[in-house]
Number of protein chains: 4
Amino acid sequence: MSGSILGKVFIVSTWGESHGEAVGVVIDGCPSGIHINENDIQKDLDLRRPGGNKFGTTRTEADTVHILSGVFNGVTTGTPISLLVYNEDHHSKDYSNVQGVYRPGHADYTFDQKYGLRDYRGGGRSSGRETLSRVAAGAIAKKILEALNIKVLAYTHSIGDITINNFDESYIKENPLFMPDRDAYKKAENLIDQCVKKKDSLGGIIECCVYGLPTGIGEPAFDKLDSSMAKAMFSIGAVKGFDIGLGFEASKIKGSKNNDLFIENNQKLTNNCGGVLGGISDGDTFVFKTAFKPTPSIGISQKTINSDGETVTIEIKGRHDPVIVPRAVIVVEAMAAITIVDLLFQNMFSKIENLKNLYNKS
Amino acid sequence: MSGSILGKVFIVSTWGESHGEAVGVVIDGCPSGIHINENDIQKDLDLRRPGGNKFGTTRTEADTVHILSGVFNGVTTGTPISLLVYNEDHHSKDYSNVQGVYRPGHADYTFDQKYGLRDYRGGGRSSGRETLSRVAAGAIAKKILEALNIKVLAYTHSIGDITINNFDESYIKENPLFMPDRDAYKKAENLIDQCVKKKDSLGGIIECCVYGLPTGIGEPAFDKLDSSMAKAMFSIGAVKGFDIGLGFEASKIKGSKNNDLFIENNQKLTNNCGGVLGGISDGDTFVFKTAFKPTPSIGISQKTINSDGETVTIEIKGRHDPVIVPRAVIVVEAMAAITIVDLLFQNMFSKIENLKNLYNKS
Amino acid sequence: MSGSILGKVFIVSTWGESHGEAVGVVIDGCPSGIHINENDIQKDLDLRRPGGNKFGTTRTEADTVHILSGVFNGVTTGTPISLLVYNEDHHSKDYSNVQGVYRPGHADYTFDQKYGLRDYRGGGRSSGRETLSRVAAGAIAKKILEALNIKVLAYTHSIGDITINNFDESYIKENPLFMPDRDAYKKAENLIDQCVKKKDSLGGIIECCVYGLPTGIGEPAFDKLDSSMAKAMFSIGAVKGFDIGLGFEASKIKGSKNNDLFIENNQKLTNNCGGVLGGISDGDTFVFKTAFKPTPSIGISQKTINSDGETVTIEIKGRHDPVIVPRAVIVVEAMAAITIVDLLFQNMFSKIENLKNLYNKS
Amino acid sequence: MSGSILGKVFIVSTWGESHGEAVGVVIDGCPSGIHINENDIQKDLDLRRPGGNKFGTTRTEADTVHILSGVFNGVTTGTPISLLVYNEDHHSKDYSNVQGVYRPGHADYTFDQKYGLRDYRGGGRSSGRETLSRVAAGAIAKKILEALNIKVLAYTHSIGDITINNFDESYIKENPLFMPDRDAYKKAENLIDQCVKKKDSLGGIIECCVYGLPTGIGEPAFDKLDSSMAKAMFSIGAVKGFDIGLGFEASKIKGSKNNDLFIENNQKLTNNCGGVLGGISDGDTFVFKTAFKPTPSIGISQKTINSDGETVTIEIKGRHDPVIVPRAVIVVEAMAAITIVDLLFQNMFSKIENLKNLYNKS
């Protein structure tokens with residue numbers, strides 16, 4: 001069904017397979033009047049581009065974005081925005097050996113079961129390349145947030161069992177793992193190097209903060225801020241966990257410790273709740289964590305089955321990230337931005353005053 | 001906006017405030033031909049009813065469900081099903097002292113910010129009483145799953161820091177905490193007793209298994225099985241975390257350990273992935289965990305502010321659960337059933353064969 | 001599927017069968033701050049109530065509306081509004097003879113084909129009684145329009161071949177056919193009297209004007225003002241035609257005659273287009289016509305088949321309107337109001353300025 | 001808002017401006033297993049192509065379609081299908097004189113009012129060129145209908161006041177006006193020739209028949225077969241009227257004449273209702289008419305205003321169709337096919353048997 005469409009009013013619709021002609025996205029519901037150009041989008045795409053650093057794959061495509069509609073003279077017109085990136089560097093041969101083989105930890109088997117066939121070239125639709133569309137749409141969402149002084153910041157919280165102990169925002173973009181802690185980065189770098197030697201892979205956790213979010217964002221009972229964000233994060237491949245504020249830890253402590261006491265100026269003494277109460281933003285920083293499994297593509301020999309049900313052995317060769325987390329940071333940021341823009345729009349209806357102000361003045 | 005509507009084809013729409021006239025739900029998209037009566041629904045409602053056991057509040061309402069439409073002579077007709085439960089036991093006075101006060105950990109403040117006013121009686125729309133609607137709809141979803149030999153089973157995985165070490169399914173409904181482990185139950189019972197004495201509260205984790213789910217369920221890229229379930233779970237009040245299979249643990253181990261190897265008969269050697277690959281069910285048991293924060297309503301004196309911004313002190317009296325987890329077990333089960341039914345329907349479109357079989361035969 | 005839910009942001013969900021327990025509606029997406037009480041709704045319900053005049057059926061139910069949620073102290077809270085009307089006057093026996101019979105012009109046959117069974121009591125879900133839900137929701141939509149100085153006015157344009165030649169707004173509510181022309185009313189009254197004697201029935205056309213609609217309402221390419229209204233009108237039972245402005249007549253004249261020339265102050269010299277250009281309101285009066293077929297329930301003996309495929313003869317007895325048009329006037333008005341409110345909300349996103357004004361000020 | 005997305009389960013999302021880079025469409029919800037190639041789409045695109053005959057504009061673009069995703073080895077994979085047509089023949093200069101001018105009968109004024117700015121090149125988003133996307137998506141919908149032996153056939157019913165009196169299906173594609181009546185065609189051809197000489201334009205009516213539609217299609221109360229089709233038709237630019245079966249005529253005759261009597265084999269003696277009862281298909285041919293206004297672009301000098309509110313005179317030069325109807329025939333067919341496929345899918349949920357048959361067998 002319509003699984004590739006996200007959002008209720010700021011609607012993002014992605015399409016494209018890893019080794020098809022192109023991947024792209026259509027954004028319907030973007031207001032007019034936003035200044036945007038291809039560079040605004042390209043700089044985010046470059047952050048997720050493979051080959052960007054020693055921890056990524058060596059597939060080296062330019063991933064150049066094209067704006068095909070919805071922007072005229074550098075300004076959005078309120079009509080659907082179509083963005084497209086051609087797939088240049090196919091190298092289909094690298095994947096030919098996995099055509100009928102169900103790689104462990106991949107979606108090969110389930111796509112075949114669901115659809116009866118699949119585009120087996122490089123993961124097809126389930127490839128990480130689909131996130132190009134998300135990052136492109138996210139760049140536009142971030143332009144909207146910028147106009148409202150809202151900032152989304154994602155960074156690596158852990159790689160394997162190496163967790164940050166420090167938060168130096170300025171350091172995030174200075175290291176290829178996007179960690180805000182130099183010591184943690186050094187340890188993680190070492191961990192990855194060892195892992196690569198063993199042809200194995202790692203997972204990790206990305207944390208994301210949203211600063212400047214107004215109060216009132218989130219639509220109970222089902223489209224709450226946290227439930228909407230949970231859906232957005234779990235829609236990213238390889239995600240296995242998500243929590244808000246103290247998250248799972250909150251389930252282990254007492255109410256007297258977990259409750260955030262309100263103080264003057266509508267502030268809270270603590271932010272254990274992560275900026276959301278009853279599914280609605282409380283004006284504090286919105287904080288959440290997303291856990292990624294280790295990359296399933298590993299060079300180590302693995303037993304599996306093929307589409308005839310026979311047992312076979314595979315050693316996945318070619319280009320694969322030993323850890324997907326650093327490239328996923330910009331994807332988390334994009335999905336967070338898209339989700340928040342959609343909820344900011346939805347909240348416009350909450351009070352009749354908003355409607356009166358708009359129409360009685362015009 | 002339309003935050004109270006969930007689902008794309010099996011659509012559940014809840015309404016009602018804690019101390020209004022009634023709470024209810026409309027289900028649009030339920031097929032004809034399902035045998036259903038009020039008892040089928042009532043037995044699930046009774047499981048979440050307050051006053052059912054020593055760990056619950058003492059609010060003692062019958063919570064009797066009424067089927068108002070969509071069922072004729074005991075069978076669904078394919079038209080919208082309207083279910084309603086009257087609010088009998090209002091006791092509004094118990095809440096009068098919190099009218100202008102923002103209770104820590106509650107949605108009082110955020111509802112006021114979002115809407116400019118709120119129904120302050122007993123939490124209004126953000127009350128746990130809203131889950132009555134979900135459980136009622138869930139009972140109908142479970143009848144559909146039953147017809148397809150799919151079973152959803154939720155149970156308490158932990159209370160505070162007491163976690164199950166054993167899984168005895170038969171014991172789940174024999175203890176008021178719905179734990180599948182007698183020893184863990186005894187420890188948890190003791191922990192709660194101590195907590196009640198201190199007027200404090202506890203959280204915990206609910207685990208849920210879906211047995212018999214066919215392969216192919218879940219709609220990439222955004223309405224995946226896991227992302228849809230994440231949204232459903234986070235839509236329940238007090239939820240702060242969610243993970244699938246190994247979940248957060250998966251982020252800490254190597255790919256070679258996390259990958260589930262396929263073996264003959266399309267089985268997997270392990271189920272670390274929790275039954276979902278690429279957002280689509282793989283035919284194995286679908287397993288996930290949902291973390292609940294401790295009940296925010298505690299008898300301990302807390303500082304907070306009122307709607308005038310003044311600092312006040314409150315001691316929340318009256319009926320409150322020391323831990324919400326046991327009553328939430330049936331809610332988790334209901335939301336899981338609703339989500340899976342919606343995705344089972346959506347998957348009907350995945351192959352043209354399904355359409356041909358239906359229309360060329362009729 | 002979800003056929004009983006209308007709207008994208010102001011979402012109306014109707015439920016209920018003619019002779020079930022009750023009929024009702026849930027409105028999700030109504031903003032907070034609207035003063036509403038049961039009388040506001042009741043007065044519209046009374047306009048469609050059977051037995052109101054000599055041209056209606058004699059089923060005499062009070063059709064009393066109950067507000068069950070979403071309104072607190074007389075003001076909407078922004079949460080779902082649930083409205084309910086009990087079915088008092090069932091008289092199921094009147095319909096027992098049509099249980100297995102497919103009445104010509106009714107939905108008996110198609111419901112049986114679609115669902116395999118149906119609630120055959122009084123038309124069940126396809127009964128005109130379902131419009132009670134629409135009128136109730138429409139009353140709330142009209143309160144919103146009132147706050148924005150927008151007025152929806154529907155009236156009878158023709159009964160059979162008797163068409164109005166005059167427009168006296170004050171006369172509309174002074175005659176039971178809601179015609180704005182006394183002469184036409186007299187002729188139509190006479191026509192209906194003759195028709196009743198022959199146990200036959202009549203159709204007619206309802207015209208509707210929306211005054212004060214701002215420019216810019218309607219969302220191309222698919223949710224245009226006219227396409228949204230067409231859908232809303234055709235969702236009313238017995239509707240067979242719909243047109244805007246000159247409508248079908250426009251297809252017969254030259255462009256030079258049909259084009260409305262713009263003049264100073266953004267006015268148009270004529271309004272052949274009916275107030276909509278490119279699917280968007282142009283600030284002029286929005287005018288459309290909806291054609292209703294004659295009531296299919298007639299006393300004249302008709303041949304038909306039953307569910308066993310046998311030919312049978314029926315004479316439909318009991319209470320039936322000789323012409324449905326006068327009772328449908330308030331339904332047209334309700335559906336128009338609902339549709340316009342939904343589009344007014346949707347248009348709030350069209351410019352980034354609207355978002356900035358809301359969030360940068362708060 | 002999301003005005004450019006149509007459908008609930010077979011979801012069509014169009015994008016693109018007349019003189020931007022390209023126009024295109026994404027189809028989400030198309031099942032796997034449909035054999036499709038670019039020729040299947042191209043042949044429909046060629047039918048709406050300008051310059052195809054003496055009655056069209058002389059803009060001569062190839063309008064070559066590209067399939068960018070969702071099809072692998074000539075078969076749909078169940079993932080989103082992205083189709084794109086580049087805009088080759090811009091000739092922007094032809095439109096430079098209308099940049100700030102509001103052309104009568106066009107959407108220039110309303111787009112400016114709604115969005116505060118517009119892509120004024122050749123009508124931008126409101127250009128007829130947007131229908132390329134619809135025709136491309138319609139070609140895929142028609143492949144699905146073909147697999148189910150359902151046929152959609154649209155043709156010209158009238159041009160100005162010249163109406164068909166005869167129905168010769170084989171003649172439809174043998175004349176450039178797609179009329180099924182040679183005499184009517186000859187008269188219409190003559191009428192158009194005279195009109196062109198006067199630099200004026202004409203409208204007309206397109207009729208559409210759907211053959212082989214199963215019973216049970218259409219989702220009451222709001223997504224009925226007729227209401228869904230009404231919306232689809234009114235979403236096409238220049239449409240001013242729509243009716244089903246006898247349509248407006250039905251409002252003028254008696255019930256005894258309008259009712260279609262059921263006879264043996266679930267047939268009806270007549271088909272005044274146009275194949276739909278209670279919003280659900282009755283197994284008979286589904287028939288409807290759509291009225292188009294005369295092309296608003298005429299060479300005759302017209303007074304209008306510009307964006308500064310000043311009165312100006314324009315004579316629209318360049319390429320314009322004297323009557324849009326013949327090129328709209330394939331658009332009507334496409335929109336009808338898209339709407340029916342969506343409803344065929346939605347009807348799959350109507351009975352629990354359908355679900356059981358699918359899942360208990362697999």
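Helices (H or I, at least four residues) and strands (E, at least two) are taken here as DSSP runs, numbered from the N terminus. The model is predicted, so local features need pLDDT of at least 70 and side-chain atom pairs count only at pLDDT 80 or more, while totals for chains, interfaces and linings use all residues. Residues are numbered from 1 along each chain as its sequence is written, and chains are lettered from A in the order in which they are written.

In chain D, helix 3 covers residues 131–147. Its 17 residues reach 24 Å from first C-alpha to last, close to the expected 24 Å, a span defined as 1.5 Å times one less than the number of residues. Of these 17 residues, 14 are buried (20 or more other C-beta atoms, placed from the backbone, within 10 Å of the residue's own), so helix 3 of chain D is largely enclosed by the rest of the structure. Just after this helix, D:Asn149 has a positive phi of about 60 degrees.

Helix 5 of chain C, residues 225–234, has 10 of its 10 residues buried and is therefore largely enclosed by the rest of the structure. Among them are C:Leu225, C:Met229 and C:Phe234, as well as C:Asp226 and C:Lys231.

The same surface serves both copies: 100% of the contact residues of chain C (C-beta atoms, placed from the backbone, within 7 Å) recur in chain B.

Chain A is likewise superposed on chain B by a rotation of 180 degrees with 0.0 Å of shift along its axis (RMSD 0.0 Å). In chain A, A:Lys231 has the C-alpha nearest that axis, at 2.4 Å.

Conventions:
Buried ≥ 20, exposed ≤ 12 C-beta atoms within 10 Å, placed from the backbone. Contact = placed C-beta atoms within 7 Å. Least-squares fit on C-alpha atoms with pLDDT ≥ 70 in both.
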